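Reader: I have a model on screen and want to learn how to read it. Please take me through it feature by feature.

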Amino acid sequence: MIPTSDPKKYWLDDPDNVTRLYRGLWIVCGLLASIDLVLHRHEDFGFATLFGFHGAYGFFACVALVLAAKQLRRLLMRPEDYYDKDRHGR
Amino acid sequence: MAADFPVALIPILGAALIPLLRGAARRAWMLLLPVAAFAWLLTVPHGMHGQVELLGQTLVLMRVDKLSLLFGYIFLLALLLSVIYALHDDDTVQHVAGMVYAGSALGAVFAGDLMTLFMYWELTAVSSVLLVWARRGERSAATGLRYVIVQLLSGLFLLAGGLLHWQEAGSLAFVHIGLSGTAGALILIGFGIKSAFPLLHNWLMDAYPEATPSGTVFLSAFTTKLGIYALARGFAGTEELVWIGTLMAAFPIFYAVIENDLRRVLAYSMNNQLGFMVVGIGIGSELAVNGAVAHAFADILFKGLLFMSMGAVLLRTGTIKGSELGGLYKSMPWTTGFCIVGAASISAFPLFSGFVTKSMIMSAAAGEGMLFTWLVLLFASAGVFHHAGIKIPYFAFFAHDSGIRCEEAPRNMLAAMALAAVLCIGIGVFPGALYALLPFPVDYEPYTASHVVAQVQLLFFSALAFAVLMRTGIYPPELRSVNLDSDWLYRIFLNGIWRHAASALDSARAALGAVIAAAATRLHARIYRHHGPEGGLARSWPTGSMALWVMTMLLAWLVLYYIP
């Protein structure tokens with residue numbers, strides 16, 4: 001695990017390629033959402049057949065999850081040696 | 001009859017030979033044991049075998065039906081994969097402990113009565129803690145101790161509940177118990193500890209990430225799934241479990257997002273997957289219970305695969321912290337690939353195992369009209385993709401290049417990962433094979449256009465959310481830290497109370513001692529004054545004064561004699 005200089009250049013090392021991937025993801029999501037226009041859905045809950053329900057739910061669920069978890073850090077986060085420090089008496 | 005032989009004894013007794021063997025012979029023996037046990041299981045017919053009379057009760061060592069067989073198969077498969085994964089290791093303790101641990105989990109699954117279940121239940125606790133202690137060092141010693149106390153406690157709840165149940169029902173048979181009365185509640189707590197119910201969960205996140213790389217792979221397969229098996233057997237259709245499971249599926253994912261130790265992230269995500277299973281068992285319909293146990297089957301494989309890939313990273317780089325890792329796909333391309341298969345499976349991508357099992361639970365919840373539970377499970381599905389599906393591979397293998405260059409994982413580890421990956425994809429592509437093993441007949445089609453599209457949309461938009469948060473810098477960075485969880489209660493709070501109580505006792509004792517010492521000093525001084533060398537009562541008198549006093553007394557007598 002010694003950091004060495006790696007002469008080989010990987011495709012992902014180029015930030016432009018990462019940006020291409022990112023844009024590609026937007027396009028794929030757009031295409032997936034548009035399937036809702038043609039596909040007739042069967043769901044147990046009526047609202048789940050609304051246009052873009054699953055996509056929007058997934059997106060906002062994750063954003064909410066991350067933002068909430070970020071706030072939780074204020075409450076829960078402690079230094080890495082929190083429990084070790086305690087074992088040897090404060 | 002041959003069927004009476006408890007299959008659990010094959011690995012448990014076989015483990016006794018392991019310390020005597022070395023090198024290739026040991027490796028061959030360890031590979032042979034799960035294969036032999038599996039072959040044995042295939043020949044055993046359904047029914048109650050291995051009945052033993054004890055204290056007027058019939059103990060059943062081998063209850064063979066579809067439910068116990070399903071868990072028997074997957075436990076042996078998991079044992080085989082774990083053994084392959086651990087082959088490069090020479091640690092005898094781990095080899096023996098892992099084998100006995102798997103064997104006792106197997107024994108518990110085939111136990112037909114609560115007493116046999118209890119004995120194997122405790123044996124899993126005692127054998128598995130050795131896998132934590134095998135990491136060695138002060139830290140793992142303390143963690144292992146906490147772990148084994150909680151595990152043995154779970155057994156005590158089972159024992160207490162089992163004895164009460166015996167008194168009430170007049171039988172020790174392990175059949176549906178249900179949550180009526182104290183006995184049921186005690187047994188449920190015992191099972192709940194193993195299944196990592198909320199607030200009883202923390203042993204999992206505490207201990208699993210502290211075990212050795214292969215130890216964690218062993219641990220991830222058996223204990224919690226034994227809990228799920230026991231719940232499915234004893235508490236199917238208990239409504240409270242729906243709420244417990246819903247909570248379990250949701251809250252660990254918040255922790256998983258901010259946790260830095262990637263194996264601990266997996267432990268949190270395991271808790272979240274267990275939540276899905278508990279919901280399924282709580283619903284209790286045939287579809288739901290089928291879904292729960294099928295998901296347990298799939299989870300053993302994909303969670304094992306994820307733990308294997310992280311164990312390989314730990315072995316090769318010496319760390320498993322998200323804050324230190326990154327860019328490892330350059331050094332460990334195969335491990336990266338297998339990890340992504342595990343990630344896709346746990347995220348329930350179509351054609352991967354999680355999709356065909358989790359969707360049964362979701363459909364069952366929706367079919368029962370449980371709107372809130374369904375929405376939470378959908379949230380948890382997006383969340384699990386977020387933290388296990390993306391975060392694990394991303395921070396270990398991609399993200400910013402940490403500069404770490406290491407060797408690819410050992411070949412035996414790669415073989416175990418490859419096998420697990422093939423099984424994950426196999427179940428996803430041919431779900432019928434797994435469905436045929438489930439306890440109830442399956443009338444369910446996971447691959448409908450509507451369902452596939454909905455799931456893919458959910459996952460891709462979750463990925464989009466991750467990418468957007470990452471690009472905008474909103475995503476919280478991996479930080480070297482620990483996050484407080486319910487173990488804080490006993491590691492800090494109760495510990496603090498104990499310490500304060502101890503110091504209060506100490507000062508009370510000191511104060512009391514001071515009072516007693518002062519009183520003793522005063523008493524001593526008084527005695528010394530009267531009886532010491534200068535004391536009036538201890539002085540020596542001359543003989544003359546003695547004669548004087550005698551004469552005085554005689555005179556007094558004479559006077560008294562003449563007084564009439």
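Author: Start with contacts. Two residues are in contact if their C-beta atoms, placed from the backbone, lie within 7 Å. This is a predicted model: local features need pLDDT of at least 70, side-chain atom pairs count only at pLDDT 80 or more, and totals for chains, interfaces and linings use all residues. Residues are numbered from 1 along each chain as its sequence is written, while chains are lettered from A and ligands numbered from 1 in the order in which they are written.

Reader: Leaving aside neighbours within four places in sequence, which residues is Met115(B) in contact with?

Author: With those neighbours set aside, Met115(B) is in contact with Leu59(B), Gly162(B) and Leu172(B). Met115(B) itself lies in helix H5 (residues 114-133) of chain B. Helices (H or I, at least four residues) and strands (E, at least two) are DSSP runs, numbered from the N terminus.

Reader: Is Met115(B) buried or exposed?

Author: A residue is buried if 20 or more other C-beta atoms lie within 10 Å of its own, exposed if 12 or fewer, and partly exposed in between. Met115(B) is buried, because it has 20 other C-beta atoms within 10 Å. For a sense of distance, take His176(B): Met115(B) is 61 residues from it in sequence and 15 Å from it in space, C-alpha to C-alpha.

Reader: How much can I trust the coordinates?

Author: Where pLDDT is low, the predicted coordinates should not be read in detail. pLDDT is the predictor's confidence in each residue, from 0 to 100. Chain B has a mean of 91, and 99% of its residues reach 70 or more. For the model, ipTM is 0.86 and pTM is 0.87.

Reader: Which residues touch the most other members of the largest nonpolar core?

Author: In soluble globular proteins, nonpolar side chains tend to be buried together. A nonpolar core is a set of buried Ala, Val, Leu, Ile, Met, Phe, Trp, Tyr and Cys residues joined through C-beta atoms within 7 Å. The largest one here has 202 residues, and Phe75(B), Leu305(B) and Leu306(B) touch the most other members. Helix H12 (residues 286-317) of chain B gives the most to this core, 20 residues. Beyond four places in sequence, the contacts of Leu306(B) include Leu266(B), Cys339(B), Ile346(B) and Ile392(B).

Reader: How do I check a helix by its length?

Author: The expected span is 1.5 Å times one less than the number of residues. Helix H6 (residues 138-169) of chain B has 32 residues and should span 46 Å; its end C-alpha atoms are 46 Å apart, so the two agree. Gly170(B) follows H6(B), with a positive phi near 75 degrees.

Reader: How many bridges join E1(B) to E2(B)?

Author: Two strands pair if DSSP finds at least two bridges between them. Seven bridges join strand E1 (residues 47-54) of chain B to E2(B), and the strands run antiparallel. Thr58(B) in E2(B) is the bridge partner of Glu53(B). Two residues sit between the strands of this hairpin, where Leu55(B) takes a positive phi near 50 degrees. Six of the eight residues of strand E2 (residues 57-64) of chain B are buried, so it is largely enclosed by the rest of the structure.

Reader: What is the secondary structure of chain A?

Author: Chain A has three helices and one strand, in the order α-α-β-α along the sequence. Of its 90 residues, 14% are buried. H1(A) has 24 residues and reaches 36 Å from its first C-alpha to its last, close to the 34 Å expected. Two of those 24 residues are buried, so H1(A) lies largely in the open.
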